[in-house]
Amino acid sequence: MSALEKLVTIHAGTELWGEIATPAGTGPDSTVLPAVLVFSSAYGLGDQARRSAQALADRGYVAVATDMYGKGAFFPNPSDAGADFTTLMSSPALMRARVVHWFDHVAALPQVDATRIAAIGYCFGGRCVLELARSGANVRAVSSFHGILTTAAPAELGAITGEVAVWAGGQDPYAPVETITALAAELSAANARHQITIFDYAAHSFTDPDAGKHGAPGIEYNALADRVSWAGTVALLDEVLA
């Protein structure tokens, strides 16, 4: 798989350590390429985001696994992530600004075609990519896997310029049916092109093979939902970033 290298940027006084994967065989004289940002779960920048970035780079995209907390923080124990997660969730303007900062930083990279950028995100990262779309950024598509769907600033009419894909679990306690319904209404009111797929049998974190290791209720891997949502996302990216 494609190698990952550290990608550093600073936002609001916080040094962020993302990781970038570039397709093999590309160099400084190569044609600029489309890019995909990968936003991690509330645990921070972990192996799931890295694997996704490498898989996307192998498909020909510049892929960046982003850091939302600072210095590449990752918390194997979910309870340890509380302070960093709460800081961003309780400061929605800061969270949206940080997401947009990552988009702008990647768009400015010399190997990236700034007109062909998409974003995917898991759990908290799913909220992040929806905030990116809501911000009005020129993002071609966002794909939210079992994301947190609520927002403090719903999309304005016409603000969302790209495609929105949402993959939700019908048994997800962090995205109950009322938030799925509210998101659908929000996207329709904003005249956004979107699709929401609900896997009725799937719980939260259904794309993460390690999801159930802490024994938390409502969090469980589901191989079928994982494969279908990834295949749909790859098809979306190949279409909009071609």
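1. A pocket here is an open set of points, on a 1 Å grid over the protein atoms alone, where a 1.4 Å probe fits and where protein lies on both sides within 12 Å along at least five of seven lines; lining residues have an atom within 4 Å of a point. Grid points are joined across faces, edges and corners, and a volume is the space filled by probe spheres set on the points. The largest pocket holds about 740 Å³ of space.

2. This is a predicted model, in which local features need pLDDT of at least 70 and side-chain atom pairs count only at pLDDT 80 or more, while totals for chains, interfaces and linings use all residues. Residues are numbered from 1 along each chain as its sequence is written, and side-chain values use heavy atoms, with hydrogens and water left out.

3. The lining of the largest pocket comprises 32 residues, and those nearest its centre are S41, A42, Y43, C123 and S205. Helix α1 (residues 47-58) provides the largest share of this lining, five residues; helices (H or I, at least four residues) and strands (E, at least two) are DSSP runs, numbered from the N terminus.

4. Helix α4 (residues 124-134) has 11 of its 11 residues buried, so it is largely enclosed by the rest of the structure; buried means under 20% relative accessible area (1.4 Å probe, protein chains only). Among these buried residues are R127, E131 and R134. After α4 comes G136, whose phi is positive, near 90°.

5. Where does G169 lie? G169 lies in strand β7 (residues 163-169), and it counts as buried at 2% relative accessibility. Not counting residues up to four places away in sequence, G169 is in contact (heavy atoms within 4.5 Å) with A175, I198, F199, A202, A203 and F206.

6. Helix α5 (residues 177-189) contains I180, which is buried with a relative accessible area of 7%. Leaving aside residues up to four places away in sequence, I180 touches L149, A168, A175, I196 and I198. The C-alpha atoms of I180 and A42, 138 residues apart along the chain, are separated by 20 Å.

Definitions and conventions: Buried means under 20% relative accessible area, exposed over 50%, partly exposed in between (1.4 Å probe, protein chains only).
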